[in-house]
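Here's a quick briefing to read with the model open in your viewer.

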Amino acid sequence: MPLNPQAKAVLDIMAQMGVSLTGDDPQAVRDQLASFPRPEGEVVGSVVDRTVPGPAGEIGIRIYTPAPHSGGTRAALVWFHGGGWVIGNLDGADYTCRAMTNRANCVVVSVDYRLAPEAKFPAAAEDSYTVTKWVADNAASIGVDAHRIAVGGDSAGGNLAAVVALMAKASSEPAIGYQALVYPVTNHSYETASYRENAEGYLLTKESMIWFWNHYLKTAADGDDPMASPMKATDLSGLPPAIVITAEFDPLRDEGEAYASRLKQAGVAVEATRYDGQIHGFYGNAAIDDGMKAIEQVSAGLKAALA
């Protein structure tokens, strides 16, 4: 399909604003992206910022709770933001988290994991797993049913969600009922057709992915670790049901779809959808209709899996 007109309009605006996902100084890139205006998110029941103990100090989280209801505890989604493990934060994920809170009618716990290069692999994965286990261990205190927990994320956050599911399987805790993987990074490689077709021109480029990986990994050999590249895991059986969202004009398209195929081959229930005409970053984008459609799809999957 041709590039979606709304996605093209977003790309044009970003080009006019001088948006760049890379630079000599990662902090300068973060500061630049944080300075751009963001749309105001939906009203939810409550939003609470707090910290939880982590392997290298406190980890910030933001807890979104839907409007009060007469029932008991709710399901929870532990959400990991995108940004190549280098950029991104709780504020950048706020719009998406609010929308999922309301549509899935669940508590969403957004995770402010440590970023690279200040904290390299496996810091982000360790923080993400730590918070997921904390949610399960402290479920009652935040109105959550410990037996109805999902993990999810977009891009590098989708990578972390897949990795946390693998870590939970290896540790036999916590119990995870669903994984929502939105254009996830699954393999430290740049050799797919989608990398060749979409190397530049669609926001996320091959060059920026090399920049992200180089900041995240201590050495190239770390890219073979399943905690960095879940595609390298030898056994995907017994993992929770998954939804995998990909975008046509995205370097990460093929590795996301390949991971979905491997999950299916391992006997995992998978709902895989490619959004034709779309770009990396469309999910939850207020200016792209498909972005909200995808949020509806993921939220419906969450509700069904964690009912």
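This is a predicted model: local features need pLDDT of at least 70, side-chain atom pairs count only at pLDDT 80 or more; totals for chains, interfaces and linings use all residues.

**T186 and its surroundings**

- Skipping neighbours within four places in sequence, T186 touches S229, P230, M231, E255, G256 and Y259.

**Helix 3 against helix 9**

- Packed helix pairs are described by the angle between their axes and the distance between those axes.
- Helix 3 (residues 90–104) packs on helix 9 (residues 289–305) at about 45°, and their axes are 9 Å apart.
- That makes helix 3 and helix 9 oblique to each other.
- The crossing of helix 3 and helix 9 is right-handed.
- On the helix 3 side, the contact is made by Y95, T96, A99, M100, R103 and A104; helix 9 brings M292, I295, E296, S299, L302 and K303.
- Sorted by type, the residues in this contact of helix 3 with helix 9 come out as 7 nonpolar, 2 polar and 3 charged.

**Helix 4 against helix 5**

- Helix 4 and helix 5 pack at an angle of about 65°, with 9 Å between their axes.
- The crossing of helix 4 and helix 5 is right-handed.
- From helix 4, A124, A125, S128, Y129 and T132 do the touching; their partners in helix 5 are L160, V163, V164, M167, A168 and S171.
- The contact of helix 4 with helix 5 has 8 nonpolar residues, 3 polar and no charged.

**Helix 7 and its buried residues**

- Which residues of helix 7 (residues 206–216) are buried? They are S208, M209, W211, F212, W213, H215 and Y216.
- Those buried residues of helix 7 pack against helix 2 (26–35), helix 4 (123–137), helix 5 (156–171) and helix 6.

**Cysteines**

- How many disulfides does a search of the whole structure find? The search comes back with 0.
- Take C97: the closest cysteine sulfur is in C106, and at 9.8 Å from the sulfur of C97 that is too far for a bond.
- Likewise, C106 is in no disulfide, with C97 supplying its nearest cysteine sulfur at 9.8 Å.
- C97 is buried, with a relative accessible area of 0%, and C106 is buried too, at 3%.

- M17 sits in helix 1 (residues 5–17) and counts as partly exposed, with a relative accessible area of 37%.
- Leaving out neighbours within four places in sequence, M17 is in contact with F36 and P37.
- M17 and M100 are 83 residues apart in sequence, and their C-alpha atoms are 28 Å apart in space.
- A119 belongs to the loop between strand 4 (107–112) and helix 4.
- With a relative accessible area of 14%, A119 is buried.
- A119 and A56 are 63 residues apart along the chain, and 9.7 Å separates their C-alpha atoms.

Terms used:
Residues are numbered from 1 along each chain as its sequence is written. Side-chain values use heavy atoms; hydrogens and water are left out. Axes are lines fitted to C-alpha atoms, for helices over the stretch in contact, and angles run from 0 to 180 degrees between N-to-C directions. Helices (H or I, at least four residues) and strands (E, at least two) are DSSP runs, numbered from the N terminus. Angles under 35 degrees count as roughly parallel, over 145 as roughly antiparallel, 65 to 115 as roughly perpendicular and the rest as oblique. A crossing is left-handed if the near helix is turned anticlockwise from the far one by less than a right angle, and right-handed if clockwise. Contact means heavy atoms within 4.5 Å. Ala, Val, Leu, Ile, Met, Phe, Trp, Tyr, Cys and Pro count as nonpolar, Asp, Glu, Lys and Arg as charged, and the others, Gly among them, as polar. A disulfide is a pair of cysteine sulfur atoms within 2.5 Å. Buried means under 20% relative accessible area, exposed over 50%, partly exposed in between (1.4 Å probe, protein chains only).
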